[in-house]
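Reader: I'm new to this one. Can you walk me through it?

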Amino acid sequence: MKLVSYMSQWRGIAKEAMDRTAIAVKFLCCLHITDTYFCSPTHVYGPSMLPTLNMVGDIVLVEHVSQRLGKVRHGDLVVIRSPLDPKRCLTKRIMGMEGDTVTYFDPMLGDATRVAVVPKGHVWIQGDNIFASHDSRHFGPVPYGLIQGKVFFRVWPLDCLGVPGQ
Amino acid sequence: MGSSSFLWNFTKKFVTFGIITVTVSDRYVTVVPVRGGSMSPTLNPKTSSSAGNFSDDYVLVEKFCVDKYRFSHGDVVVFSSPLNHKERHIKRIVALSGEWFGSRQNYDVLKVPEGHCWVEGDNAAFSMDSKSFGPIPLGLIRGRVTHVVWPPQRIGAIQSPPRERLSSL
């Protein structure tokens, strides 16, 4: 008799633990799906986007829908995986889509302007602060598949709340 | 009343199953079909020219390697094509970043740039790979192929690179 009550007590505890775990798993799965398919917060810092984003660090919202649908356009602010170090992400502005001719100018290499054609399936990215940005001017056009998402809203600092660059 | 609650329960189960499946296939493992003969004889050893035949291999792709981007020679990887981001290709890594690599086509020796790798199909004659689009950034890699899971007579792990390829390096 004692054993039966002991067993039923254990069964109740195990059932409750299973339920809690299931809820946690579902929550984490939902989080993963929102993060990868819809929108996620990102912390961006560094001098390369200076007039648009602050140097010390902004928190921006990145949406992943338009990149999947192929709707990323010239002039969009994107988060892109660095072609040189896949663990790092860069925030840059798209200056040319595939087939565009880009005229660029690098103050580090002299005054001459150069011209490049963006090959198929690639984009040309550049920082807004051309003096302190490591971008397509150095490593060339990057494949579209490296784009992680498009920056569409800034949430921190609070006085800059809104669409960046406006 | 009864049927609507049944419907509600069914939908709830279905959605739960869906989100768990998507999460697991995004983060951990997934199964994808292989089309085309560019990796023959490792995958799809006898492909006829007709598309969508029943002898397509299904392979297990693990995504753990993408967290650290640590790959080795001879890994078979899935990556999104640098020419068209909607396409996925399956090829074998032949050289990693910073290595000197001699291609067999024109006897050039070239250095794979930092953060890139050189991928080639096992079937060199019918393969669209780094010989046509150059080295690819590691960031494009979506996973590593580890096993063939279908058809049943071909279940097993992926072999390391074919011997003749090793001797040519």
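**A walk through the model**

Author: A:Asp58 and A:Arg154 form a salt bridge, with their closest N and O atoms 2.6 Å apart. A salt bridge here is a side-chain nitrogen of Lys or Arg within 4 Å of a carboxyl oxygen of Asp or Glu. Some ground rules: this is a predicted model, where local features need pLDDT of at least 70, side-chain atom pairs count only at pLDDT 80 or more, and totals for chains, interfaces and linings use all residues. Residues are numbered from 1 along each chain as its sequence is written, chains are lettered from A and ligands numbered from 1 in the order in which they are written, and side-chain values use heavy atoms, with hydrogens and water left out.

Reader: Where do A:Asp58 and A:Arg154 lie?

Author: A:Asp58 is in strand 2 (residues 58–63) of chain A and A:Arg154 in strand 9 (residues 147–156) of chain A. The pair links distant parts of the chain, 96 residues apart. Helices (H or I, at least four residues) and strands (E, at least two) are DSSP runs, numbered from the N terminus.

Reader: Is A:Asp58 buried or exposed?

Author: Buried, because its relative accessibility is 0%. A:Arg154 is buried too, with a relative accessible area of 7%. The cut-offs: buried is under 20% relative accessible area, exposed is over 50%, and partly exposed is in between (1.4 Å probe, protein chains only).

Reader: What does B:Arg154 form a salt bridge with?

Author: With B:Asp57, the closest N and O atoms being 2.6 Å apart. B:Arg154 lies in the loop between strand 9 (141–150) and strand 10 (156–157) of chain B, and B:Asp57 in the loop between strand 1 and strand 2 of chain B, so the pair ties together parts that are 97 residues apart in sequence. B:Arg154 is partly exposed at 24% relative accessible area. B:Asp57 is buried at 0%.

Reader: How many salt bridges are there over all chains?

Author: The search of the whole structure finds 11. One of them joins the side chains of A:Arg20 and A:Glu16 (3.1 Å, N to O). Both residues lie in helix 1 of chain A, 4 residues apart, about one turn of the helix. An α-helix has 3.6 residues a turn, so residues three or four places apart point the same way. A:Arg20 is exposed at 57% relative accessibility, and A:Glu16 is partly exposed at 44%.

Reader: What span should helix 1 of chain A have?

Author: Helix 1 (residues 2–38) has 37 residues, which should span 54 Å at 1.5 Å a residue. The expected span is 1.5 Å times one less than the number of residues. The end C-alpha atoms are 54 Å apart, which agrees.

Reader: Which residues of that helix are buried?

Author: In helix 1 of chain A, they are A:Cys29, A:His32 and A:Ile33. What covers them includes helix 1 (2–27) of chain B.

Reader: On to the interface. What area is buried between chain A and chain B?

Author: About 1900 Å², of which carbon and sulfur atoms give 68%. Buried area is the accessible area (1.4 Å probe) that two parts lose on being put together, summed over both. In chain A, A:His32, A:Leu84 and A:Pro86 lose the most area to chain B, together 25% of what that side buries.

Reader: And how many residues does the contact take from each chain?

Author: It takes 21 residues from chain A and 22 residues from chain B. Contact means heavy atoms within 4.5 Å. There are 0 salt bridges between chain A and chain B.

Reader: New spot. Where is A:Ser133?

Author: In the loop between strand 7 (122–126) and helix 3 (136–139) of chain A. A:Ser133 is buried, at 8% relative accessibility. Leaving aside neighbours within four places in sequence, A:Ser133 is in contact with A:Ser48, A:Lys92, A:Gly127 and A:His138.

Reader: Last one. How many helices and strands does chain B have?

Author: Chain B comes to 4 helices and 10 strands. Along the sequence, the pattern of chain B is α-β-β-α-β-β-β-β-β-α-β-β-β-α. Of the 169 residues of chain B, 41% count as buried.
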